[in-house]
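Me: I have a structure to go through with you. Take my questions one at a time and keep the answers brisk.

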Amino acid sequence: MRLKQLALGVAAAAMVAGTVAASKAQAEDSIYIPLLTYRTGPFAGSGTPIADGLHDYFTMLNERDGGIGGVKLMVEECETGYNAQKGVECYEGTKGKGAVVYNPYSTGITLQLIPKAPVDKIPILSMGYGLSATAVGEKFPWTFNAPATYWSQMSAIIKYIDANGGIKGKKIGFTYLDVGYGREPIPLLDELSSEMGFSVVKIPVGVKEMQNQSSHWLQVRKERPDWMIMLGWGAMNPTAIKEAAKIKYPMDKFIGVWWSGGNVDVVPAGAGATGYKSANFHGTGADYPALQDIIKHVIDKGKSQAKKETVGNNFYNRGVMNAVVTAEAIRTAQEITGKKVITGEDMRKGLENLNLTAARLKEIGLEGFTNPISVSCKDHAGAHAIYIQQWDGKAWKSVSDWIEPMRDRVRPKLEMAAAEYIKDKPDWQTQTCQ
Amino acid sequence: MLYRETGQFKTTYRADQAVFPIRQDLIGIWLMLAFLFLVVPFTFNDFWLNSIMIPTLIFGLAAIGLNLLTGYAGQLSLGTGGFMGCGAYACLKLTTFFPDLNIIIVILLSGFFAAIVGFIFGLPSLRIKGFYLAVATLASQFFLEWAFGRIAWLYNYADSGAIEVPTRRILDIAITGPNATAMTRYLVVLFIVVALTWVASNLVRGRFGRSWMAVRDMDIAAELIGIRLLSTKLTAFSISSYYCGVAGAMMVFLWLGAAEVESFDINHSFLVLFMVIIGGLGSLLGSFLGAAFIWNLPILLRGSFGQAIDAATVEHIAFMVVGALIIFFLIVEPHGFARLWQIAKEKLRLWPFPY
C-alpha cells in the first residue's frame, strides 16, 4: 500500500512538473534556436566540443551585442546521443516553440528531418554533412549544406592525392563508419574510381567495432593501399589513428575527412599520430578576435561548459563556424524581411541569400577563418573549397591551398541524385531559380 | 466503495469466463478506449501525440510480442530489435512493389515476414533452453542487423542506407510520410494496436496460450499431457515475431518516418525486454504499463528539469534514475506493474472499509 502511494505520488509530481515545464512560454522578442547536440554516448568525444562552440558563439552574441539586430537568441540544447530516434524526438519536442532552424549534427538525423522540413516550414542547416544532393537548391528548398558537401570534399581529396604523385593505378583504402554518414560518398567514389582509373578497397567499421579495429587494420596491412581515406566519427577516429600507427602505416598518406580531424582524435595516439592529415574548411587555433571575445565574454564569466584551452580546437571551431553561418543567415533574413523576430520561412530566405564575404568575415572578427560562402537558390552549399591540414604533434598546420572540388564531375552527379531522391515523392516541394 | 462486485452474479459459464468479469473493469476499459479514440486525438498537441502517445502504443505492442514469447511461453529472447526490423524492411519492400495497396494492410502483412524469420530462428529452441536460447536469439539479432546494413536491396539501394518512408494515402488522406498529420497516424496506430491486443487477449486465453503456459511452467509435464513442444514453441516464436514485426513497421512508417539499422540494434531489444520485465511477465496490461513507464520517464525527467540544467546532465540523470528504478521495482515487486495494479485492485475492493 505504501509503495503504491509512493509510486502514485512520484508519478503525479512528475506529471505536474512536466506540464509546467512544457507550458513555460517563450520569452518575448527572441529568436529560438534549438541545438540537437550530444555530450553523451560513444560520439561524445566529437560532439562535445562542437556543442560548446555552437553554444558559446551564440552566448557571446547575446552577451556582447545583445543578440542579433537587437533580438536576443534563445538557445536550447537537446541531447540526441547521435541517435536518430532521439533526434526526431528532440525535433518534435522543440519545433512547436518557434524554432527557426535545425542543426541536426548527425547525417542519420538529417535524413529523417529532410522530408519534414518543407511540411513544418523550418529549414535545416546541415553544415558539411547530411545528404550531399541537398546542395541542389531547386530540388531541396528547405535544406542547406553550406559550405561543402561530402561529395565535393571527396573529389577534392582525390584531387589532392592526384596532385601529390598521381592517382592512376593506385589503390585507395576507404575506411568508413558503417552508418548513413559513412556510406554517403560511396556512389561518387565508385564512379570516380572507374573514371580516373584507381581501385578502392572499402573497409566498413560498424558502430560496435568502433573501438576494436584490429581486424580492419589487419586487412589494411594485407591490402597495402597507397593512400587511406577515413570517414570516421566519434570513437572511431582515435582508434583508427592508433591502429594505423601500430601497423606503421605512413601517416602522411592517411587522410581523414573534416569530421576525422579533431584534436581529440589525434592526441590519444601520441607521437604516432604526427603526420596524419585531414580535410578542413575553417581555421584552427584561437587567434581570431571573435574567439578572443568568446573567451572574454563567455568562458571567463563561467557561462560555458568548455575549458579555455579547448577554444581553437578543430571541432570547437567547427561549432563556432556553424554558429557563424546560422547567425549570419539570421542577420540576412532580418535585412531582407525587415522583421526583427524572424520565422522559419524568413530564415530559409536568409540562408538562401547568405553571402559571407571576406570583408564581412573581417568585420565579425574572423578574418581568413574560412573561404567566403555565397549560397544561392541553385547552390545550397555555397563555397565548396577545402584545404588539407596536417597534425604536427601539437597543432594542425595547413599543408595545401584551398582545393576546389571537381565541380564539373560532382554537380551533374548531385543533380542526378537529387532527381532520384524526389522521383517517387509526388508531393515533394521544389522551387524554380530565376 | 466504487469498486465492489457485490451483486454482480454470473449465471452462465460464458459470463464467468469473460475477459473482464467485473463490471467496473468493463466500463473502465470502454471509457479508456473512448478517451483514446475520441478525446486524445482532438485535444492533445503534436508533441504529446508524436513523442508520447504513438511511441507508447507501438512499444506496448512490441512488448506484447515479446511477452507472448517470454512471459507466456517462457522462451527468453534477445532478438526483438531484429524482428521489429524484419517487419519494417518487409513493409518498405511490400509498399515499393505494391504502391497502391492500402498501407494498413501492408503493415499487417509485413508482420508475416517477421513471423517467418522468427519461425526459422525459433527452430533451435527445441534443443536449447534458458540462457543458451537467449544467446541463440542474440545471434539472430546480430545476423539481422548485419543483413539490414549490407543487403542494399532491402533499403531500395538508397545512398544513405536508411529507410525513407514514401507518402501513402487512403481516401486521399496521407497516412504515412511527412505530410501525414500526427492525429491521423495516431488513430491508425491506435486502431492496429487495439485490434491486435484484442487478438492477443483471446490467444492467451485459448488453446495456444494454455499450451504456451504449460510449456513455460514445465515442458516435460506439458509433453506428458500431450502438448507437442515443436508446434507450441514454434507458434510462440512466429506469433511473437508477428507482433514485433507489425510494431517495427509501425515504428518506421507511422512514427519515425525514416530509420537506419541502428534503430533496430541490440539496445532496442533490451529496451523492450526491460518494458516486459518492469511491466510484468505474462500480462498484456503489464506490456503497456511497462512501455509507458520506460518510454516516458526520461521525457518526463527532461520536461521537469527544463532548461534549468543542461541537456547532457538531464540525460545522465535520466539514465541513473531509470536504472535505479528498474532495480527498485525488481526488488520490491518482481512481478512488475501488472502485479501492482492487481494488488491495488484487491485493496480497492475493500476500500474504504478494509478489515
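Me: What share of the 434 residues of chain A counts as buried?
Reply: This is a predicted model. A residue is buried when its relative accessible area is under 20%. Among the 434 residues of chain A, the buried share is 62%.

Me: How many helices and strands does chain A have?
Reply: Both kinds of element occur in chain A. One of the strands is β1, at residues 30-37. The secondary structure of chain A comes to 16 helices and 13 strands.

Me: Is S30(A) buried or exposed?
Reply: S30(A) sits in strand β1 of chain A. Leaving out residues up to four places away in sequence, S30(A) touches V71(A), K72(A), M74(A) and V341(A). The cut-off for burial is under 20% relative accessible area. S30(A) has 7%, so S30(A) counts as buried.

Me: How many residues does each domain of chain A bring to the contact?
Reply: The assignment gives domain 1 as 28-148 + 284-383 and domain 2 as 150-280 + 388-412. Over C-alpha atoms, the centres of the two domains of chain A are 26 Å apart. Their contact takes 30 residues from domain 1 and 29 residues from domain 2.

Me: How far apart are the centres of the positive and negative side chains in chain A?
Reply: Chain A carries 49 positive and 45 negative side chains.

Me: Which residues does D427(A) touch?
Reply: D427(A) belongs to the segment after α16 (407-423) of chain A. Its relative accessible area is 33%, so D427(A) is partly exposed. Not counting residues up to four places away in sequence, D427(A) touches T167(B), R169(B) and N179(B).

Me: What share of the accessible surface of chain B belongs to carbon and sulfur atoms?
Reply: For chain A, the accessible surface is about 15,700 Å², and carbon and sulfur atoms account for 53%. For chain B, the accessible surface comes to about 16,400 Å². The carbon and sulfur share in chain B is 71%.

Me: What radius of gyration does chain B have?
Reply: Chain B has 355 residues, and a compact globule of that count would be near 20 Å. The C-alpha atoms of chain B fill a box of roughly 70 × 55 × 45 Å.

Me: How far apart are I29(B) and L76(B) in space?
Reply: I29(B) lies in helix α2, residues 23-43 of chain B. With a relative accessible area of 33%, I29(B) is partly exposed. In sequence, 47 residues separate I29(B) and L76(B). In space, C-alpha to C-alpha, the distance is 30 Å.

Me: Among contacts in chain B between residues at least 6 apart in sequence, what share joins residues at least 24 apart?
Reply: The secondary structure of chain B comes to 14 helices and four strands. Buried residues make up 52% of chain B. Among contacts between residues at least 6 apart in sequence, the share joining residues at least 24 apart is 75%.

Technical notes: Residues are numbered from 1 along each chain as its sequence is written. Chains are lettered from A and ligands numbered from 1 in the order in which they are written. This is a predicted model: local features need pLDDT of at least 70, side-chain atom pairs count only at pLDDT 80 or more; totals for chains, interfaces and linings use all residues. Side-chain values use heavy atoms; hydrogens and water are left out. Helices (H or I, at least four residues) and strands (E, at least two) are DSSP runs, numbered from the N terminus. The radius of gyration is taken over C-alpha atoms; the globule rule is 2.2 Å times the number of residues to the power 0.38. Buried means under 20% relative accessible area, exposed over 50%, partly exposed in between (1.4 Å probe, protein chains only). Contact means heavy atoms within 4.5 Å. Accessible areas come from the Shrake-Rupley method with a 1.4 Å probe; for residues, only the protein chains shown count as cover. Domain bounds come from an automatic or database domain assignment. Lys and Arg count as positive and Asp and Glu as negative; His and the chain ends are not counted. The place of a charge is taken as NZ of Lys, CZ of Arg, CG of Asp or CD of Glu.
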